[in-house]
Amino acid sequence: MRKGLIAFVVLAAAVFALAATVASGGPAVSSAKDKNAKIKVTARQSADAVAKQVYQQVSSGKSGLASPGNLCAIAVIPGPAGSFNIRFGVFNTTAGNTLDDLIVDSFFALGGNALLHESVFATAPPPGGTLAVEYPNGVSGKGPAVLSFTGFDSLESVAFNTDPDTYDNPAFGATVLDMDDTRLEAVFSNGLRCAGRLVFNAAFNASIATLTQTSP
Ligand SMILES: [Ca+2]
Ligand SMILES: [Ca+2]
């Protein structure tokens, strides 16, 4: 009798564990409730159009956000501040360098509490070039996103979405404002290195990072 009970408990525990494994089965299930992962095509397209407008105004120098001298790139996430559509537009503003690698690090985002990027999706490569997601690629990301490009020439752009989460909640809905203080690092041809951080700009209704030269 007692053996039977123990066998039942062990079996029940095994069934429960299996059910829990299936229920938490990776990004597909966790992202089903994640507002950063459910972005309509039309929302992405309008974000890309807004990002381009912001880029044109910021790169003209009239906004005062960037002086064209040592500006290397501009990254834009269109608002509003409470939007869950974390769609980046990144623009190469150099005079002749290709942008080869981009690192998006949100460790200081969410008011210093850190965001990690579970996935990168809906990518748009530069015209005539390629975009590769180096990390996270096929795994649930646990930190920064890393992208590499070919043919990302001056005055061209790329676009992509990420799904930012917290370290204890893989379905966390991060807003555009939560992304503030995300650091972007860009590696260009000929040894040029540039970095900048995202700050939500109410006048543009967008989060903007101006990447300026750090090396040489
Ligand atoms: Ca999320
Ligand atoms: Ca997620």
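The following questions and answers set values from this predicted model against the definitions behind them.

Residues are numbered from 1 along each chain as its sequence is written, chains are lettered from A and ligands numbered from 1 in the order in which they are written. In this predicted model, local features need pLDDT of at least 70 and side-chain atom pairs count only at pLDDT 80 or more, while totals for chains, interfaces and linings use all residues.

Q: What is the mean pLDDT of the protein chain?
A: The mean is 89, and 85% of the residues reach 70 or more; pLDDT is the predictor's confidence in each residue, from 0 to 100. Over residues 10-29, however, the pLDDT is below 50, and this stretch has seven contacts beyond near neighbours in sequence. A contact requires two C-beta atoms, placed from the backbone, within 7 Å.

Q: Why is Ala 186 called buried?
A: Ala 186 has 28 other C-beta atoms within 10 Å. A residue is buried if 20 or more lie within that distance of its own C-beta atom, exposed if 12 or fewer, and partly exposed in between, with C-beta atoms placed from the backbone. Ala 186 is therefore buried.

Q: What does Ala 186 touch, not counting residues up to four places away in sequence?
A: Its contacts are Cys 72, Ala 73, Leu 99, Leu 102, Cys 194 and Leu 211. Ala 186 itself is found in strand β8 (residues 183-188); strands (E, at least two residues) and helices (H or I, at least four) are DSSP runs, numbered from the N terminus.

Q: Which residues touch the most other members of the largest nonpolar core?
A: Among its 47 residues, these are Ala 73, Ile 74, Ala 75, Val 76, Ile 77, Ala 186 and Leu 211. Strand β1 (residues 71-78) gives the largest share, seven residues. Such a core is a set of buried Ala, Val, Leu, Ile, Met, Phe, Trp, Tyr and Cys residues joined through C-beta atoms within 7 Å.

Q: What makes β3 and β6 a pair?
A: Pairing needs at least two DSSP bridges; four join β3 (residues 99-105) to β6 (residues 145-150), and the two strands run antiparallel. Leu 102 has Leu 147 as its bridge partner in β6.
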